[in-house]
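Subject: Structure handover

Hello,

The structure I am passing on to you is below. My notes on one part of it follow.

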Amino acid sequence: MKLNTASSFPTPLFLIAVFIAALALAILIYLLWRQRRAVSAFFGFAYDPEQDIFYSTLNPWQRKYGYCRLYDEAAALLSMIVDCEPIRFEYDGKLWLIELWKGQYGATSGCEIGVYTARKKSIRLFGNVLYRRTDDLFDISVCLLKNGSVLLSRAEKHWWLTGFKLGEFSEPGELTAIIDIHLKNEEMQKVFVAALQRTGYTSGEYSATGGDIRINFTTPHASQPSTRTPEFEQKVQANNHFYCEVIRALQEELGLTNGAEIMAALQTRNRALHKKLLRLMHPRTHTFIRILPQLFAAQKPLQREAD
């Protein structure tokens with residue numbers, strides 16, 4: 001009895017089709033996994049599903065732009081109402097800046113710790129030092145509290161440690177950041193502590209041991225950006241609260257459980273808000289040039305940075 005070999009074995013064309021379908025399924029599964037792990041890594045941010053927060057990666061595109069005081073002046077104009085605490089000092093023949101931020105970034109509540117350097121004869125922009133990124137990485141950790149309860153925490157060897165909670169609305173005064181930084185050595189720590197004291201910090205607001213420093217960042221001591229007037233801040237925060245309400249409504253309507261799913265849903269249902277959220281998660285850098293003319297319309301002149 002002869003077997004019908006033509007019907008017993010699949011044709012090469014059928015095998016190719018099965019292979020392509022399996023490959024497509026594997027790619028889809030991989031993309032869904034990547035969506036949860038790093039939904040916005042392309043934009044310089046990644047996603048932590050355990051805490052449901054977004055955070056900056058080690059080498060985002062923002063790293064090459066450094067920092068300037070004018071970025072903080074631009075923050076309120078970009079819907080970011082944040083407390084700024086720049087700590088400036090000299091060490092090892094260079095100008096150093098370690099700046100702390102906490103507050104409302106559009107539709108996210110969060111915080112940042114950034115480390116920057118500059119040469120003593122570096123370029124000034126309207127009297128403000130243009131700091132570069134530092135190649136040094138520091139062990140940094142932060143626990144962000146909202147009205148005494150933990151909102152998020154981060155710990156990593158970094159130069160710009162951040163954390164952002166999507167859909168969470170906060171006033172900067174509701175937030176406290178407990179920050180630990182391991183500096184290069186005890187000498188650097190002493191110089192940094194002296195800078196803290198010049199800024200206005202008292203012994204009850206920080207502690208130092210060896211090369212380690214802990215800061216309780218609640219009320220900023222440094223002068224805040226002149227663009228952050230009470231009237232303008234109230235308007236911006238009203239808009240930010242509205243964005244958070246939109247996100248919460250969308251989350252409830254679609255049964256979404258985390259920030260990655262929210263961002264994915266916004267990309268298809270509300271692209272304008274999706275783009276705005278991505279922009280707000282790029283503090284101070286990529287829209288700076290666009291809003292530069294608005295800085296000159298601020299109610300107060302920019303204050304010269306103390307070098």
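Ten of the twelve residues of strand S3 are buried, where buried means under 20% relative accessible area with a 1.4 Å probe and protein chains only. Strands here are DSSP runs of E with at least two residues, helices are runs of H or I with at least four, and both are numbered from the N terminus. The model is predicted, with local features needing pLDDT of at least 70 and side-chain atom pairs counting only at pLDDT 80 or more, while totals for chains, interfaces and linings use all residues. Residues are numbered from 1 along each chain as its sequence is written, and side-chain values use heavy atoms, without hydrogens and water.

S3 pairs with strand S4 (residues 94-105) in the antiparallel sense, over twelve bridges; two strands pair if DSSP finds at least two bridges between them. Arginine 88 has leucine 97 in S4 as its bridge partner. The hairpin of S3 and S4 has two residues between the strands, and aspartate 92 takes a positive phi near 55 degrees there.

S3 (80-91) also supplies at least two residues to the lining of the second largest cavity, as does helix H3 (69-75). A cavity is a set of points on a 1 Å grid over the protein atoms alone where a 1.4 Å probe fits but cannot get out, and lining residues have an atom within 4 Å of a point. The largest share of this lining, four residues, comes from S3. Among the lining residues are Asp72, Met80, Cys84, Pro225 and Arg228.

Regards

Notes:
On a 1 Å grid over the protein atoms alone, a cavity is a set of points where a 1.4 Å probe fits but cannot get out, and a pocket is an open set with protein on both sides within 12 Å along at least five of seven lines; lining residues have an atom within 4 Å of a point. Buried means under 20% relative accessible area, exposed over 50%, partly exposed in between (1.4 Å probe, protein chains only).
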